[in-house]
Amino acid sequence: MAKRDYYETLGVDRGADKDGLKRAYRKLAMQYHPDRNPDDPEAEARFKEVNEAYDVLKDEEKRAAYDRFGHAAFENGGGPRGNGRGAGGFDFGGGFADIFDEMFGEFMGGQRGRGGQRGRGADLRLNLEITLEDAFAGATKELRIPTSVACEACDGSGAEAGSQPVSCPTCAGAGKVRAQQGFFTIERSCPTCGGAGKVIENPCRSCGGSGRQQREKALSVSIPAGVEEGTRIRLSGEGEAGLRGAATGDLYIFLTIAPHRFFQRDGADIHCRVPIPMTKATLGGSIEVPTLEGKRVKVSVPEGTQNGPQFRLRGKGMTVLNSNLRGDLYIEVTVETPVSLTKQQKELLKQFEESGNHDKTNPESAGFFAKVKELWEDLRD
């Protein structure tokens, strides 16, 4: 019999986030748990099916593989579960352990420690706006970030100077305790020491025993040339300090690029709209336009240029990230109609208007109105 779709098993759609997956799993795991359904092989099978589905979908890499290849991603020995199965064939790793924390966490005294992640400082997020010139050439930005840093008085240990943490009386320094819950024997982090195996009898007066304090930290971040809107930069170990010497979190910087007064970016290309006088468009000539390097470049405008044409300047666009390549700069010209004319200028334009021969000097408008005239004549018939 073919396996059921993992999303269908959990009763969620394919776009469900981690919290949605966990809520669905928690509800089903408690519903079909063997303790609640003794001597019910159907509930036992459903419990294993739910556990297997969650174990795959909660892991980003496994979920990506499943979304692409389905159950075939885990065939031929590549199953989603490891060898950590308990009595009765239940898998006690992964998702089941997570949900067990929620089901029995209060009874056992809080959340279990997660190995090297115990007490780890929180990751921080910073939104940083940069200019288009910064994105083009790269830049170094000096930042000041309010965060938690290791306490200087106790060097992050949490213990008052001259004292040391002592072995935890609850777990005798093991960092773990065991408890019996039904037919399960559960080993989890010690609720007294949080899995550290030691407790602080004489906490530091500066930080209250936490090993960290609130401070403003100065950082320098290098922005590479060619970054795009939404680029994320990770600074490892620059997040919040961990509790009592635990690992520090990371800082994630998300970049936004401020609108530019001249240029609009399209990937590696840059677009610039340049108005030109009617006389320049009519008689032809050249114009100077800016570039992202802060230089000027000359562009030739052919005689009789109309609104809208683009002139392409190769290699004058954005830097391409992690390469020596550059995009192109596109100049779009718009012909400006003159305003605030003097009496003499108006007279000259009238003379031009009365000179005739407009079928040749203004072929597009002449052709349009000729077609309109034909339409009117057809309507009268």
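1. Isoleucine 276 stands opposite valine 335 in strand β15 of this predicted model, and that position belongs to a pairing in which strand β11, residues 269-277, is joined to β15, residues 329-336, by eight bridges. The two strands β11 and β15 run parallel.

2. Strand β15 also pairs with strand β14, residues 310-313, through four bridges, and here the strands run antiparallel. Within this pairing leucine 313 stands opposite leucine 329 in β15, so a reader who wishes to follow the strands by eye may take β15 as joined to β11 in parallel fashion and to β14 in antiparallel fashion, with the strands taken as DSSP runs numbered from the N terminus.

3. Glutamate 293 and arginine 326 form a salt bridge in which the closest N and O atoms are 2.6 Å apart. Because glutamate 293 lies in the loop between β12 (285-290) and β13 (296-301), while arginine 326 lies in the loop between β14 and β15, the pair ties together parts that are 33 residues apart in sequence. Glutamate 293 counts as partly exposed, at 32% relative accessibility, and arginine 326 likewise counts as partly exposed, at 28%.

4. Glutamate 288 forms a salt bridge with arginine 296, where the closest N and O atoms are 3.5 Å apart. Glutamate 288 counts as partly exposed, with a relative accessibility of 48%, whereas arginine 296 is exposed, with a relative accessible area of 66%.

5. Another salt bridge links glutamate 187 to arginine 178, the closest N and O atoms being 3.2 Å apart. Glutamate 187 is partly exposed, its relative accessible area being 42%, while arginine 178 is exposed, its relative accessible area being 65%.

6. As background to these pairs, side chains of opposite charge can pair when their charged atoms come close. A search of the whole structure finds 19 salt bridges, and a network of salt bridges links Arg120, Asp123, Arg234 and Asp250.

7. On the cysteines, the count of disulfides comes to zero. Cysteine 190 is in no disulfide, and the nearest cysteine sulfur, that of cysteine 168, is 3.7 Å away; cysteine 193 is also in no disulfide, its nearest cysteine sulfur being that of cysteine 190, at 3.7 Å.

8. Of its 381 residues, 36% count as buried, and the protein exposes about 23700 Å², of which carbon and sulfur atoms supply 48%. Among the contacts with a separation of 6 or more, residues 24 or more positions apart account for 63%.

Technical notes
Residues numbered from 1 in each chain as written. Predicted model: local features only at pLDDT ≥ 70, side-chain atom pairs only at ≥ 80, totals over all residues. Heavy atoms only, no water. Pairing = 2+ DSSP bridges. Salt bridge = Lys/Arg side-chain N within 4 Å of Asp/Glu carboxyl O. Buried < 20%, exposed > 50% of the residue type's maximum accessible area, 1.4 Å probe, protein only. Disulfide = S-S within 2.5 Å. Contact = heavy atoms within 4.5 Å. Areas by Shrake-Rupley, 256 points an atom, 1.4 Å probe, with all protein chains shown as cover.
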